[in-house]
Amino acid sequence: MKDWKKALVPVTGTMRDAVQALNDGSVRMALAVDAEGRLRGVITDGDIRRGLLVGKTLESSLLDVLITDFRAARPGDGDAAILAVMRELDIQQMPVLDAEGRVIGLKVLGELSAPLPRDNWVVLMAGGLGTRLRPLTEDCPKPLLPVGGRPLLETIMQQFIQHGFHTFFISVNYRADMVEEHFGDGARLGVSIEYLREREPLGTAGALGLLPRKPDAPVFVMNGDLLTRVDFPGMLDFHLAQGAHATMAVRGFDIQVPYGVVDVRENSIVGLEEKPVQKFFVNAGIYVLGPEAVAEIAPDAYLDMPSLFSRLMEQGDPTAAFPIHEYWMDIGRRQDFDQANCDFALHFQRQER
């Protein structure tokens, strides 16, 4: 049973407070309460992402994203009745309120029923050389490097498995035999694993040209060197809701100019800005591709994901950006590897207990 009290946040707080509550409570809803503990609104993971997409920041007021039209349970409502309502409304959480509207509990769909099997394929890219991590990768492929006491790629797979994903394809090249020996056919993990064997590097999209058959549903594609708590079901739901052919997970990235910036036009100063901050979204290395996008990938031809997205955009095919706020670490350098090992207990072992 998750500690629902960690999902509580003051209604006077910020979006950052809600993100902290989402992460600490390990659920997809934060509960905004007043000083007396009465529920004033809810904030879902999706509400945060929509706010980020329209220019809100984590310092913005909760009131900018607060949902006041919510469904709640009452003491005495049975789990079966609550589960039926949650499935009917397609919601993942439902707060429990007393007669005065104070929060006394939180019902979570995953705790009332086993996760539903998800037939969407997951393709994990594990064929890179890991050059920047040498000498660690001289005798071990990067996806098998131990983070938190177990191979990085296994942690990635467990994040999908706990949400019901069970069909995996792993793209391999460098030290492929070690990856295949460790994971086998997936029986140890209760899943199915097939291998996409690259004779030469095919890029982050080109490896999908080796799939033995065409998918009939959206496919997850993820770099095998990422440690993250991204909400995979939420990303899939977002992709479907957007009607996108391809969706890319993106992260906010800020760059501060360390000097005062002078706006000059025709030798005249028309503006001054002291140490401005430039805000960008950057590629997080996690994608959902619809069958239409996978069909664009030719067999045995190099293709990276940015090029695939560019092609889709040029053709007028719909693409979408899924902003992430969860823990995310690209383990490309030795300092990233060391930091990931320090972070593991906080972000992973705590949620698994």
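This is a dialogue on reading some features of a predicted model.

Visitor: What should I know about the model before starting?

Guide: The model is predicted: local features need pLDDT of at least 70, side-chain atom pairs count only at pLDDT 80 or more, and totals for chains, interfaces and linings use all residues. Residues are numbered from 1 along each chain as its sequence is written, and side-chain values use heavy atoms, with hydrogens and water left out.

Visitor: Which strands make up the open sheet, and in what order?

Guide: Helices (H or I, at least four residues) and strands (E, at least two) are DSSP runs, numbered from the N terminus. Two strands pair if DSSP finds at least two bridges between them. Here an open sheet of seven strands has the order β10-β9-β6-β11-β16-β13-β17, and its pairing is mixed.

Visitor: Which strands stand at the edges?

Guide: β10 (192–197) and β17 do; each has a single partner strand, so one side of each is left without a neighbour in the sheet. On average, neighbouring strands of this sheet are turned by 35° against each other, direction ignored. Axes are lines fitted to C-alpha atoms, for helices over the stretch in contact, and angles run from 0 to 180 degrees between N-to-C directions.

Visitor: How many bridges join the pairs around β13?

Guide: Strand β13 (residues 246–256) pairs with strand β16 (residues 277–289) over ten bridges in the antiparallel sense, and A246 has L289 in β16 as its bridge partner. With strand β17 (residues 319–323), β13 runs parallel and is joined by five bridges; there T247 has A320 as its bridge partner. Elsewhere in the sheet, β6 and β9 pair in the parallel sense over four bridges, with M125 opposite S171 in β9.

Visitor: Where is there a hairpin?

Guide: β14 and β15 form one, with two residues between the strands, and E266 takes a positive phi near 55° in this hairpin. Strand β14 (residues 260–265) and strand β15 (residues 268–274) run antiparallel and are joined by six bridges. V264 stands opposite I269 in β15.

Visitor: Which helix packs on the sheet, and what does it touch?

Guide: Contact means heavy atoms within 4.5 Å. Helix α10 (residues 305–314) packs on the sheet and touches β11 (219–223), β13, β16 and β17; its direction makes about 90° with that of β16.

Visitor: Which residues of α10 are buried, and how are they arranged?

Guide: Buried means under 20% relative accessible area, exposed over 50%, and partly exposed in between (1.4 Å probe, protein chains only). An α-helix has 3.6 residues a turn, so residues three or four places apart point the same way. In α10, M305, L308, F309 and L312 are buried. Seen down the axis of α10, the buried residues fall within an arc of 95°, so they line one face of the helix. The arc is that of the directions from the helix axis to the C-beta atoms. The cover over these residues of α10 includes α7 (203–206), β11, β13, β16, α9 (291–294) and β17. Just after α10, G316 takes a positive phi of about 80°.

Visitor: How many residues does the largest nonpolar core have?

Guide: In soluble globular proteins, nonpolar side chains tend to be buried together. A nonpolar core is a set of buried Ala, Val, Leu, Ile, Met, Phe, Trp, Tyr and Cys residues joined through side-chain atoms within 4.5 Å. The largest one here has 49 residues, and those with the most contacts inside it are M157, F160, I170, F183, F220, L227 and I286. α5 gives the most to this core, with six residues. A second, separate core of 24 residues includes F169, Y287, V294 and M305.

Visitor: Is helix α5 (residues 152–161) mostly covered or mostly open?

Guide: Mostly covered: nine of its ten residues are buried, among them M157 and F160.

Visitor: How many aromatic pairs are there?

Guide: A pair of aromatic rings is described by the distance of the centres and the angle of the planes. Rings of Phe, Tyr and Trp (its six-membered ring) pair if their centres lie within 6.5 Å; planes under 30 degrees apart count as stacked, over 60 as edge-to-face and the rest as tilted. The count comes to nine aromatic pairs. The rings of W121 and F169 have centres 5.0 Å apart and planes at 55°, so this pair is tilted. W121 lies in the loop between α4 (109–112) and β6 (122–125) and F169 in strand β9 (residues 167–172), so the pair ties together parts that are 48 residues apart in sequence. W121 is buried at a relative accessible area of 12%, and F169 is buried at 0%.
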